[in-house]
Amino acid sequence: MENKESEFEDRTKEIETETERKRLKKANRENSISNFICLYLYDLADLEQRFACASQEHPTNSEIVKLYLYLDVLKIQCLFQSYSEVSANEFLSVFTSGGLAPSLRIINSTYSGTFHFNLTSFSDQVSWLIEIPRENITTNTDIAAVEEWFVRISLQNGLNIYTTGGTLLDQVREPILQWTLGHLIAKEKVSTLYPHVVGLKVTKVPCANDVALLGFILNSNLDGVYIGLTSSGFWNYNDTLWYNLTDMIYSHFGEEHLGLTVVDMVLTNHFFVILTSLGLFVSGDLRYPKKPALILLSRAEFCGFERIDYVKGKLWYNERCFANRERFEVDYITITFERNRTLSEASSCFYSKEPFFDWLPCLPYISKTMKTTPSTVITFLIDQEHYSGIYLFNNEVSLTTTASVSNLKNNIPRFKPKFPVFTFPPSFSYPVGMVFHPRSHFLYAYGNQVWLSVDGGNTFELLADFHEDIIKHSYHSFYTSTIAFVSRSGKVYKTKAGLESYSKAGYIIDRVFTLYYDHMGFIHKLTPGYFKAEGPPGDTGTSQSIFIEDSDMGFQTALVPQFTNINEMIFYAYVPENEPMKSIHTKQFSKMHLGKQLTHRKFGMAYVKNVVYHDLPERFLSAAIVEIIDPFAVENEKWSSAILSSLYISQERKFYKLNLQTPRVDSRFKDTDFEKTVVIPGYCSFLIIEVLDDTNALAIPTMLGIIPNYKTFLKDSWFLYNFGQKNGRLWKIKAKPCNYWFEQHDDSLSLSVLKYIDLGQTKNLKLKVIPNTRGIRIREVPLLKIIVGNPNLLDVQAEGIFDYTDSYILDISITSKTLTQGSTSLAFVMWRASTNCFVTTFVATLKSSCSYLKTMHHIPSILIPLKDWISGIHKDSQGFNRIKTLPTNYRPPSNMGIAIPITDNFYNADPSKPIPRNLFYKSKKHGKFKQCANMSSRAKCNCSQEQKFSYDVAFSDCREKVPRYKFPVTEYPIALHISSEDGHIPIKTHHLVTVTEVNKRENWKLQHTVPANIRKLKTYLESLLHTSVYNPLGLNLSITGSELFHFRVSIVSGFTFCNLEEEFQIYVDQVPLPFPGHTLIAIAAAVVLGGLIFIVFVYKIRHTHPTANGQTFSTEANVGATPLAKS
């Protein structure tokens, strides 16, 4: 035993020495790196203070970059903030001469683009400038819900010399910014409202959290609806525009009403909903502003509800961004009233989907013959991933709180629950609400406790228990996944979405306040008279806090350490014998302490790995199992002289007596030894609860099975630890520093990723978790927890490994498996991460749908540069011009003849010019202008450059030039590529296509090969569609007609969620005359040629030596007759 004790003591000293050596080594290394950086960058602190960027004005001292995009060019100015122009110019010159200039990266969930500042430095320039045309960022200008971009500005792309971040907001497209909310009021007028404000309500745009509204809740001494609008995230109070909506609300009432105030507000993707003390009001669709753009509100009617009900009403909304909205994406809002429904009322809870005209009862219809328990609906939320409704009930009769889930059918909840009803324990006695974390499937129910569900309300896990202190509000950041819970007492607790632990952030003493997270995840405290943000370091180099710091999560009791091995301890929390039942929880460990660090004022640190509860021993009802990082301080003779003696332990009734053996004069128990712990290696620990005299003390043991009863321990074989609180608590529990880093293996750099999964498609994600922690690392346990919101929608497969650096790498493949369209969240939670980490949860949105970026393109056999298209001349090696400029008001011929076009499509339209080929009745009957309709000239058609070169039939009026080919066109390859966010890929065999001629022309045919594996499918589709279906691979086109052919290629529905179509045009020139002209000319030519040949022949016969021939004939005759004459 003595050898074991000596080994324990030597090992303890060795760990302390090694820890100190590592600490000094780390400090020296950090100093060396810091000195190197300072030498290279002159002074890093000064550099950070001076670097700033802005788009509208001279950059300010704020390190948060706020950029705004309008219809014109985006101009950005970046500089080093300086007290003199000379020094700023000097910094600029140093970096410019080194070839360094800032780069700007713009990021959202589906897009990432990099732009570079000019490298040139002029003599009078003290900043870098960049001008980016709007069309280089986005070509859309329509008003719609659109994501606010994140921007990342750094000195030279890829070099981490200096980086700052911010946001870029599209002021042109954001719906709420296109409206005037009411009468604009001056800030001086707003200040007169402050004494009457008793509460605040804030709501933000789901896709652009920097755009938000702040409403004043007024007392009975003042009437009115006053709302502030910001587009910069409430960073500056003076940037807020204040509006008075009072007259607009009162205009809905025919008689005098008093007591008007804001109660609650919600900004959805396309609508503004405001609950006032006089009723619920809904705006029109914000995407379609009218002139004047004064917002109009309509009142929703709820029969039987009056002002006393409205002032206690609440609005509930599941915040989701519907940028590039799909048909299955729709916003829902619920309103609840704090009263039980009466016999004449349908419900005290109603819900509606946009445009929020019809409000339906949350509870399904219940027959009068059915028996039901009188439960109050606290909250009703629509789970859009599962298309179901989730209820939070509270029964005041049975004092129970339950959660229930019902599927929706035709937008109405079914009476039969989807899952068995979940009943919370009786300790959850005061439910307040339930909310989805934005853009995720994490569901939180809160009140005097906080519960978390990751399966859509089927089950819940306890996250926190606040007992008598009730959580009244929750605030969320989708970007950093941070959640803040505010209690009635003003205490603020924070957690990260999906984590099973939380921390204390501090408390707020302001009488009237609300919290708000901006688009970058910075939290703001909003009060009637000022705003305060907890942002990055400012001019002082430190981050200001909006809370009164109270980060110590320790509690007022003694802790008793018990070693289990050299690297692990158990700390028991002591509960005094006379402790009242209602306050026992204040002497216990809780889930809040999970994952935190326990430190001692002298020295020592450990990480809490687990929290357990038990009934024995009686005084220790909870314990924390910790991993020792730095050994804790042991009491020495200066702090406690008792350790200079031997110790004898004996049982005395239910306690144990500690007796000092062979005591020295200066060795004795003191009153200050109260609540200290005796630690004996290999045995249980003892907490001293009473000092009897100089040599005796009473103590209680921690582990009943290893009590060293009636044993003596020599000096230096037992130790004293001071984790008491009677003489001043020396220990604290705080959130540990960030212990894990998160890395994405792609170029997005976005914490909000959107992936589209088409039919039969597979997408891959790769994530990496890098440990940045001290202590033992267990490589057998994955560091990431994966949560799929709707596992029935997509097939998600994951494979994780640890690399040689103990980093955890996770490969995920997501595959479409059904014909159902929808969206689901895919969350990755670093479950061991500290709440101090910037990123602990990564949530990707997966859509089983068609990407808005997915298009199909025809690759022409001959590529013609844009400059040649503009000039109209592109000759091949034989001098043949490959571009045909179409005649004005051109229409392709029909099967009835060249002069009888019967198509409705004009090309190169000009309403001021005559229409050719318009002599026949059928030709006059057809032909309609599209973009040039009701225009007097081509100039007024407003054809853009893109429209003039577009193959789309919708822009045929603008099309001037088309590709030109010689007759005949044989085996023209129809090469098709699909373009998306993943790049350009050739179309695959299983995407069967149809090909049609837009103008219903004939004289063309297609050739293709049909593999055996799709032959039956092709036959089936042709019988179903009543048209020919082709294999896109190896598809060739032959044309035997003349002039313009306009083809449309479409992928057959069922192979993709997308409606993919592509059009291309071919002008066939130098064509022989059509039948019967060619035949008649050939026959006539043959007859003429034959006649000419005959005439020449006759002529030759008649005029070829006639005299000579006659003489020869006569001589021959005479010769033959001579003998006869002689006879």
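Modeller: Helices and strands here are DSSP runs, numbered from the N terminus; a helix has at least four residues and a strand at least two. Keep in mind that this is a predicted model.

Biologist: How many helices and strands does the protein have?

Modeller: Both kinds of element are present. The count gives twelve helices and 69 strands.

Biologist: What share of the residues of the protein counts as buried?

Modeller: Buried means under 20% relative accessible area. The protein has 1127 residues. The share of them that counts as buried is 52%.

Biologist: Among contacts between residues at least 6 apart in sequence, what share joins residues at least 24 apart?

Modeller: A contact means heavy atoms within 4.5 Å. Take the contacts between residues at least 6 apart in sequence. The share that joins residues at least 24 apart is 62%.

Biologist: Now the charged pairs. Which residue meets Lys763 in a salt bridge?

Modeller: The structure holds 32 salt bridges. In one of them, a side-chain N and O lie 3.5 Å apart. The partner of Lys763 there is Glu981.

Biologist: How many residues apart in sequence are the parts that Lys763 and Glu981 tie together?

Modeller: Lys763 lies in strand E53, residues 762–771. Glu981 lies in the loop between strands E63 and E64. The pair therefore ties together parts whose separation in sequence is 218 residues.

Biologist: Is Lys763 buried or exposed?

Modeller: The cut-off for buried is under 20% relative accessible area. Lys763 has 6%, so the residue is buried.

Biologist: Where does Arg917 lie, the partner of Glu1043?

Modeller: Glu1043 and Arg917 meet in a salt bridge of 2.7 Å, N to O. Glu1043 lies in strand E68, and the parts tied together are 126 residues apart in sequence. Arg917 lies in the loop between strand E60 and helix H8.

Biologist: Which strand holds Glu1061, the partner of Arg1048?

Modeller: The side chains of Arg1048 and Glu1061 meet in a salt bridge (3.8 Å, N to O). Arg1048 is in strand E68, 13 residues from its partner. Glu1061 is in strand E69.

Biologist: Which residues do salt bridges with shared partners join into one network?

Modeller: Shared partners link the bridges together. The network consists of Lys602, Glu635, Asp673 and Lys676.

Biologist: On to the rings. Is the pair Phe422 and Phe460 stacked, edge-to-face or tilted?

Modeller: The count comes to 57 aromatic pairs. In the pair of Phe422 and Phe460, the ring centres are 5.4 Å apart. Planes under 30 degrees apart count as stacked, over 60 as edge-to-face. The planes here are at 45°, so the pair is tilted.

Biologist: Are Phe422 and Phe460 buried or exposed?

Modeller: Phe422 has a relative accessible area of 17%. Phe460 has 4%. With the cut-off at under 20%, both residues are buried.

Biologist: Which ring does the charged end of Arg959 sit over?

Modeller: Look for the ring whose centre is 4.3 Å from that charged end. The ring belongs to Tyr951.

Biologist: What accessible area does the nonpolar patch with Phe1094 have?

Modeller: Phe1094 lies in helix H11, residues 1077–1102. With a relative accessible area of 55%, Phe1094 is exposed. The patch is formed by Phe1094, Ile1095, Phe1097, Val1098 and Ile1101. Together they have about 530 Å².

Terms used
Residues numbered from 1 in each chain as written. Predicted model: local features only at pLDDT ≥ 70, side-chain atom pairs only at ≥ 80, totals over all residues. Heavy atoms only, no water. Salt bridge = Lys/Arg side-chain N within 4 Å of Asp/Glu carboxyl O. Buried < 20%, exposed > 50% of the residue type's maximum accessible area, 1.4 Å probe, protein only. Phe/Tyr/Trp six-rings, centres within 6.5 Å; stacked < 30°, edge-to-face > 60°. Lys NZ or Arg CZ within 6 Å of the ring centre and 35° of its normal. Patch = residues over 30% accessible without salt bridge, like charges linked within 9 Å, V, L, I, M, F, W, Y side chains within 5 Å. Areas by Shrake-Rupley, 256 points an atom, 1.4 Å probe, with all protein chains shown as cover.
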